[in-house]
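Work through the exercises below with the sequence and the coordinates open. Each task is followed by a solution in steps.

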Amino acid sequence: MAHLDADLAVTLDEDRPGMLAKALGCVSGANINIDGYAEIGGVVHVLSPNLQGARACLETSGFRIVQEQQVVLVPVADTPGAAAKVFQQLAEAHINIRYTYLASRNRLVIAADRPDAVIKALAGSA
């Protein structure tokens, strides 16, 4: 069942080898699980069941939190077209997706302008 969660976006100030490892390593080094992440253009989105802990260790390690975004976690089957079906339903409901990535346990992370509308649009498709 789809539900609300949140992810953090942090900047990697330098584009050099090891920066992503440093960001993710500080979270795992604090014994905090990462359920999903995406790095695009020097910004890392981190999904964790302990968002406060992740925020604290990232900030302590010198990373700048640029956004905390409410997201929707949507379980999907590991079959061809499963994600496309979800995105088609959202398109038909006129919901714009800001970004998306895949998290552990075959879950789509979807950031949209109207997260509650995402849940409503997908409610009958489980």
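**Exercise 1. Strand pairing**

Which residue in β4 does V10 stand opposite?

Solution. The model is a predicted one. Start from the two strands: β1 pairs with strand β4, residues 64–75, in the antiparallel sense, over 9 bridges. Then look across from V10: the residue opposite in β4 is I65. Next, follow β4 to strand β6, residues 107–112; these two run antiparallel and are joined by 4 bridges. Here V74 stands opposite L108 in β6.

**Exercise 2. The largest nonpolar core**

State how many residues the largest nonpolar core has, and find which elements give two or more residues to this core.

Solution. The core has 18 residues. Those with the most contacts inside it are L8, V10, L12, V27, V44, L58 and F63. Two or more residues come from each of β1 (3–11), α1 (19–29), β3 (43–47) and α2 (51–60). Of these, α1 gives the most, with 5 residues.

Take L58 as a worked case. Leaving out residues up to four places away in sequence, L58 touches L8, V10, A23, C26, V27, F63 and I65. Apart from this core lies another one, of 14 residues, including V72, A82, L90 and A112.

**Exercise 3. Two sides of α1**

Decide which residues of α1 are buried and which are exposed on the other side.

Solution. The general rule comes first: an α-helix has 3.6 residues a turn, so residues three or four places apart point the same way. In α1 the buried residues are M19, A23, L24, C26 and V27. They cover an arc of only 150° around the axis, so they lie on the same side of α1. On the other side of α1, A21 and G29 are exposed. What covers the buried residues of α1 includes β2 (36–40), β3 and α2. Past the helix, α1 is followed by N31, which has a positive phi, near 60°.

**Exercise 4. An aromatic pair**

How are the rings of Y99 and Y101 arranged?

Solution. A pair of aromatic rings is described by the distance of the centres and the angle of the planes. For a pair, the centres must lie within 6.5 Å. By this rule the count comes to 1 aromatic pair. The ring centres of Y99 and Y101 are 6.4 Å apart and the planes are at 5°, so the pair is stacked. Both Y99 and Y101 are buried, and both are among the residues that H45 touches.

Note on methods. Residues numbered from 1 in each chain as written. Predicted model: local features only at pLDDT ≥ 70, side-chain atom pairs only at ≥ 80, totals over all residues. Heavy atoms only, no water. Phe/Tyr/Trp six-rings, centres within 6.5 Å; stacked < 30°, edge-to-face > 60°. Buried < 20%, exposed > 50% of the residue type's maximum accessible area, 1.4 Å probe, protein only. Core = buried A, V, L, I, M, F, W, Y, C linked by side-chain atoms within 4.5 Å. Contact = heavy atoms within 4.5 Å. Pairing = 2+ DSSP bridges. Arc of directions from axis to C-beta.
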